[in-house]
Amino acid sequence: MKKVFVLTLGCPKNTVDSENIMYLLSKQGYEIVDDATVSDYIIINTCTFIHDAMEESINSILEATLVKKDRSEVKIIVTGCLAQRYSKDLKEEIPEVDAFVGTGEFYNMDKIIKSMETEESDEVIVKVDNIDCPIFETDRTLTTPSHFAYLKVSEGCDKHCTYCVIPSIRGKQRSRKIEDIVSEAKRLADRGVKELILIAQDVGEYGTDLYGERKLPELLEELNKIESIHWIRVLYIYPETVSDELIDKFVNLDKVLKYIDMPLQHINDNILKKMGRKTSKEDILTLIRKLRSKVNGIKIRSTFITAFPGETEEDHKELLEFIKLYQLDRVGFFKYSREEGTPAYDMDNQVSEEIKDERYMELMSAQEDVSEELMESYLDKTLEVLIEEKVEDEDNVYIGRSYMDCPEIDGEVYVYADKPLEIGNFYDIVIEDSMEYDLIGRTK
């Protein structure tokens with residue numbers, strides 16, 4: 001039985017893709033292993049959204065070549081966004097790679113590997129032409145903890161923000177059918193998944209290509225009917241897609257968490273326009289006020305890009321003041337990454353790396369103060385917490401997440417219990433202390 005090692009880099013969407021790949025290969029009799037050094041095939045699912053992600057992907061490929069240096073029979077397959085974007089360059093720079101498989105071809109990974117076994121040619125396989133392929137429905141080998149799973153609702157994006165390479169490497173938006181998504185969600189629930197995390201490049205636009213209108217509200221209604229699902233979390237909703245109908249689902253569907261991830265990216269109108277965003281400062285402020293007035297307990301997560309081309313010190317201060325005044329619950333910042341092939345790459349007034357660093361640190365510091373204040377507001381309150389792991393060498397000390405915490409990107413809740421707790425179960429926790437981003441509590 002041939003052994004396959006799969007390394008996943010980048011976002012949760014890549015996680016789902018890798019899980020599809022593992023399932024396809026396991027069905028064909030391959031053994032999925034967690035050690036590259038004993039594998040026959042090393043598959044690296046790459047990211048190239050920003051420069052740092054691309055650098056991590058390239059370093060991972062180079063590490064794989066060291067394995068091949070010791071065992072020449074090992075085959076290296078690079079898939080995902082980096083393969084789609086730079087296969088030609090990588091083919092020349094890293095000749096040890098045996099195949100480059102683009103974002104629209106990984107569903108054929110089993111066939112590609114079979115061809116590598118049966119054909120005697122040493123020519124590097126490059127398959128990157130099927131970028132807008134329909135989504136192939138297949139099962140998955142879950143790599144997340146058994147109590148939560150990501151649920152991809154669509155692929156690709158039609159937004160074309162000026163800083164973003166995603167449409168050119170992931171293709172046009174292609175939504176899955178509601179019945180297919182619900183069917184997969186039920187299978188996940190049958191396997192013990194209690195939290196579904198909806199993902200896509202643009203979840204808010206789900207359905208527009210397939211049904212001619214936004215169908216996220218209807219999809220949430222259907223998912224909310226699945227009995228053993230406890231939490232439904234929604235990521236990546238652009239602000240212009242947040243309708244009153246969608247807000248109503250956050251209010252009235254008991255399993256849909258009052259947690260919304262809206263990538264706002266900036267608050268200055270001029271920068272938003274240069275970014276190609278479809279919203280304005282007033283739109284954003286109005287939406288935040290509406291969400292907070294209509295959805296009791298809503299937690300807003302967002303991301304922002306600092307030092308976009310042409311961003312002045314005044315533009316930066318405007319964003320900084322917004323962060324301090326509007327106090328979003330969870331915030332991430334990215335220093336603008338100049339990406340080839342995007343309109344922003346050729347814009348005038350590129351900001352220096354030194355100023356990028358300064359502005360980034362200012363924003364991070366401001367949000368840390370905001371978060372610390374927000375965390376203190378939970379003292380003596382009770383939160384429902386999903387327990388995820390036990391702290392080693394500590395009796396009945398655990399780490400979990402509340403509804404305002406998405407795995408790997410948000411905070412955590414440290415829990416002291418008076419008896420052993422079950423991993424993957426929910427408990428009511430009284431908050432006794434707080435940190436900048438995390439909480440500390442005890443079982444009731």
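Which helix lies across β7 and β10? Helix α1 (residues 12-27) does, running at about 95 degrees to β7. Angles here run from 0 to 180 degrees between N-to-C directions, with axes fitted to C-alpha atoms, for helices over the stretch in contact, and contact means heavy atoms within 4.5 Å. Helices (H or I, at least four residues) and strands (E, at least two) are DSSP runs numbered from the N terminus.

A word on the ground rules: this is a predicted model, in which local features need pLDDT of at least 70 and side-chain atom pairs count only at pLDDT 80 or more, while totals for chains, interfaces and linings use all residues. Residues are numbered from 1 along each chain as its sequence is written, and side-chain values use heavy atoms, with hydrogens and water left out.

**The sheet**

Follow the order β7-β10-β11-β12-β13-β14 and you cross an open sheet of six strands with parallel pairing; two strands pair if DSSP finds at least two bridges between them. β7 (148-152) and β14 (330-335) stand at the edges with a single partner strand each, so one side of each has no neighbour in the sheet. On average, neighbouring strands are turned by 20 degrees against each other, direction ignored. Within the sheet, β11 (residues 231-234) and β12 (residues 256-261) are joined in the parallel sense by two bridges, and V234 has I260 in β12 as its bridge partner.

**Pockets and cavities**

On a 1 Å grid over the protein atoms alone, a cavity is a set of points where a 1.4 Å probe fits but cannot get out; a pocket is an open set with protein on both sides within 12 Å along at least five of seven lines, and lining residues have an atom within 4 Å of a point. Grid points are joined across faces, edges and corners, and a volume is the space filled by probe spheres set on the points.

Of its 17 lining residues, H51, D52, K335, Y336 and S337 are the closest to the centre.

The whole structure holds two cavities of 30 Å³ or more. Helix α1 gives the most to the lining of the largest cavity, with three residues; V16, D17 and N20 are among the residues lining that cavity, as is K152.

| Space | Volume |
|---|---|
| Second largest pocket | about 350 Å³ |
| Largest cavity | about 110 Å³ |
| Second largest cavity | about 30 Å³ |
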